[in-house]
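Hi there,

Here is the structure I promised to pass on to you. Please have a look, and below you will find my notes on it.

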Amino acid sequence: MEKFEKPQIICHIEKSVNYSLFDSKWIPCSAKFVVMGSRPRGSGIIQIYEISNGELNLLKDIERSQPIKCGTFKASSLKDRYLATGDFQGKLNIYNLEDPSIPIYSVNAHNEIINSIDGIAGQSIGYGAPELVTGSRDGSVKVWDPRLKGRPVAVMKPKEGEAHRDCWSVTFGNSYNSEERVVAAGYDNGDVKMFDLKKMGVLWESNLKNGVCSIEFDRKDIPMNKLVATTLESKLYLFDLKTQHPKKGFAYLIEKAHNSTVWLVKHLPQNREIFVTCGGGGNLCLWKYNYPEKRKIVDADGLDQGVIGNLILLQNSTVSSQPVSSLDWSPDKQGLAVCTAFDQCLRVIITTKLNTY
């Protein structure tokens, strides 16, 4: 009986496609989602699907000259719902999906592939300007305001003469008023860096010993609370960001999961203590974080030091024979998600019983 009291991860719809899938995102306030990827002939593709009566209907098939690696709606309003994408040539494009033939904004953002993109302040979440952040193989992280044509508002890159590392993942956080904003980035050598966009400096950095595949704050629009980073060699790191010790930094825990690369972390929009990780073996792990009784203590030197809680594995379910490359929770329906994998399948997934946590 206990097995059925846990949340169940159910594959609701599965669809095979004839191209490589890299990313998927729900279109806010709708039963539609977009998937992005690369055709065998080397061109890019964006497809829009709608869920209707338990089936997927293909609404649009958009071909682009370059394979598309990543996309986000998060720098666009719920009225516009513009899709921002990063491609293999380092180009950042923004599309109006009503008429996606020509991008409404386009910039040569990087010299090499854009691995990761995130947006903020569009969906009435957070404050301040609508901004996008891109991370690239060229080693740089750039912040863009779509209202400014052609130039980034901030650039974080290695100093002249320093070796550049491949940036695999970027994310926004700490956007709880119109001044504060933070970007976190993870790199192929295990570096994690947190940039304060208000002070234009590095707020914190660490090295996790293995390449950082994915990084995400539990919420973008609150004072920094938690950050999860996932790595090669089957580890995930959870940092409590409430208290930063001058020497020890943030309190954190390490969890071994998936027995393979942990490709991705995604927090549930309706409950920041629950998140899913996606593994190289095609499985999904659903986690819940429990806070400690006290979130900080005073150390021997009289300095505040953070205290870490613990993680519980709620469910572990295999959905694919290949690595799961992307997953996006529906912002509107709790437990509904779309994910893509390297087996050229897109899947709509339902996770039950999340409202009981």
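Leu284, Leu286, Leu327 and Trp329 touch the most other members of the largest nonpolar core, which has 17 residues. By such a core I mean a set of buried Ala, Val, Leu, Ile, Met, Phe, Trp, Tyr and Cys residues joined through side-chain atoms within 4.5 Å, where buried is under 20% relative accessible area, exposed over 50% and partly exposed in between (1.4 Å probe, protein chains only). At least two residues of this core come from each of strands 22 (262-268), 23 (271-279), 24 (283-290), 28 (324-329) and 29 (336-341); strands are DSSP runs (E, at least two residues), numbered from the N terminus. Another core, of 16 residues, lies apart from it and includes Met194 and Leu241.

This is a predicted model, so local features need pLDDT of at least 70 and side-chain atom pairs pLDDT 80 or more, while totals for chains, interfaces and linings use all residues. Residues are numbered from 1 along each chain as its sequence is written, and side-chain values use heavy atoms, without hydrogens and water.

Next, Arg347 sits in strand 30 (residues 345-351) and is buried, at 3% relative accessible area. A polar atom of its side chain is 3.0 Å from the backbone oxygen of Val319.

Ser234 is in the loop between strand 19 (226-231) and strand 20 (235-245) and is buried at 4%. Lys353 follows strand 30 and is partly exposed at 36%.

Best wishes

How values were computed
Helix = DSSP H or I, 4+ residues; strand = E, 2+ residues; numbered from the N terminus. Polar contact = N/O pair within 3.5 Å; in protein donor to acceptor, adjacent residues only side chain to side chain.
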